[in-house]
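Student: Hi! Could you walk me through the aromatic rings in this one?
Tutor: Happy to, let's take a look together.
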Amino acid sequence: MPVHEITDPDDARIADYRALTDVELRTRWEPPHGLFIAEGELVLRRALRAGYPARSYLVDAKRVDQLADLDTGDAPVYAATPDVLEKATGFHVHRGVLASFHRKPLPAAAEVLAAARRVVILEDINNHTNLGAIFRGAAALGIDAVLLSPSCADPLYRRSVRVSMGEVFAVPYAKLDRWPVGLDEVRAAGFTVLAMTPAADAVPVQRLTPAQRARAALLLGAEGPGLTGAAQAASDVRVVIPMRRGVDSLNVAAAAAVAFWELGRDDPVDG
């Protein structure tokens, strides 16, 4: 595995990794250039297993051996000191391993829905930590796919990928380009749209009927404002997680995990 030493943080060969903590810059750079960044060995290996082609690797010079078993193909491996890595990326790369990957074309929502039994739909989720946690919960708790409103954050943003522990690569996702009328497409595919809300008149999630559970599309809104009125009006059933001790709501990722588990509680338990 040929390794190229980088001594200048402004070296053009590592432009993919520039200013990784600048969300606005990365948002303008990554999707238009068809790339995303994976942080940490576990995450980059999951990206490779999911079939994402690597563009390049950037590692702490002391950790090059961690990639010795990889077939890096045409993707160059760059090595640098921690100081150079920090100056180039804008943060201390404590995991010591980064990789730049080519994105895959997103499937159409119809394609994703056709292969799913249970999905989650996200409206205006722009916190990358919450987004990554929702993907991780979806992978762990029986959700087959994720659908995103047009204004949702990028699931392949570095922080989302890291928080998900690479599970964004395991759960298919697509965008609903028309919102909220795109929910009609979900309903036409045979799903019941369940809008999560703390409203007092919402149906407790554990009291959903078997028919409502059969092909559930759980709809979640952003932290704080929750679902818009238009999204709720376009749903089939408003659903609540009953709270105790005067607590009015949960973090959206925590609420998602609770609802995912409840919807799948009668699924066969895998070994």
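Student: Is Y173 buried or exposed?
Tutor: Y173 is buried, because its relative accessible area is 8%. Buried means under 20% relative accessible area, exposed means over 50%, and partly exposed lies in between (1.4 Å probe, protein chains only). One note before we go on: this is a predicted model, where local features need pLDDT of at least 70, side-chain atom pairs count only at pLDDT 80 or more, and totals for chains, interfaces and linings use all residues. Residues are numbered from 1 along each chain as its sequence is written, and side-chain values use heavy atoms, with hydrogens and water left out.
Student: How many aromatic pairs are there in the whole structure?
Tutor: A search finds 5. Rings of Phe, Tyr and Trp (its six-membered ring) pair if their centres lie within 6.5 Å; planes under 30 degrees apart are stacked, over 60 edge-to-face, and the rest tilted. In one of them, F36 and Y52 have ring centres 5.2 Å apart and planes at 85°, so they are edge-to-face.
Student: Are those two buried or exposed?
Tutor: Both F36 and Y52 are buried.
Student: And what does Y173 pair with?
Tutor: With F135, again edge-to-face: the centres are 5.7 Å apart, with 85° between the planes.
Student: Which rings form a cluster?
Tutor: F36, Y52, F101 and F169 are linked by ring pairs.
Student: New topic: what lies over the face of Y52?
Tutor: That's K104, at 4.6 Å from the ring centre. A charge sits over a ring if NZ of Lys or CZ of Arg is within 6 Å of the ring centre and within 35 degrees of the ring normal. R215 lies over the face of F191, at 4.1 Å from the ring centre.
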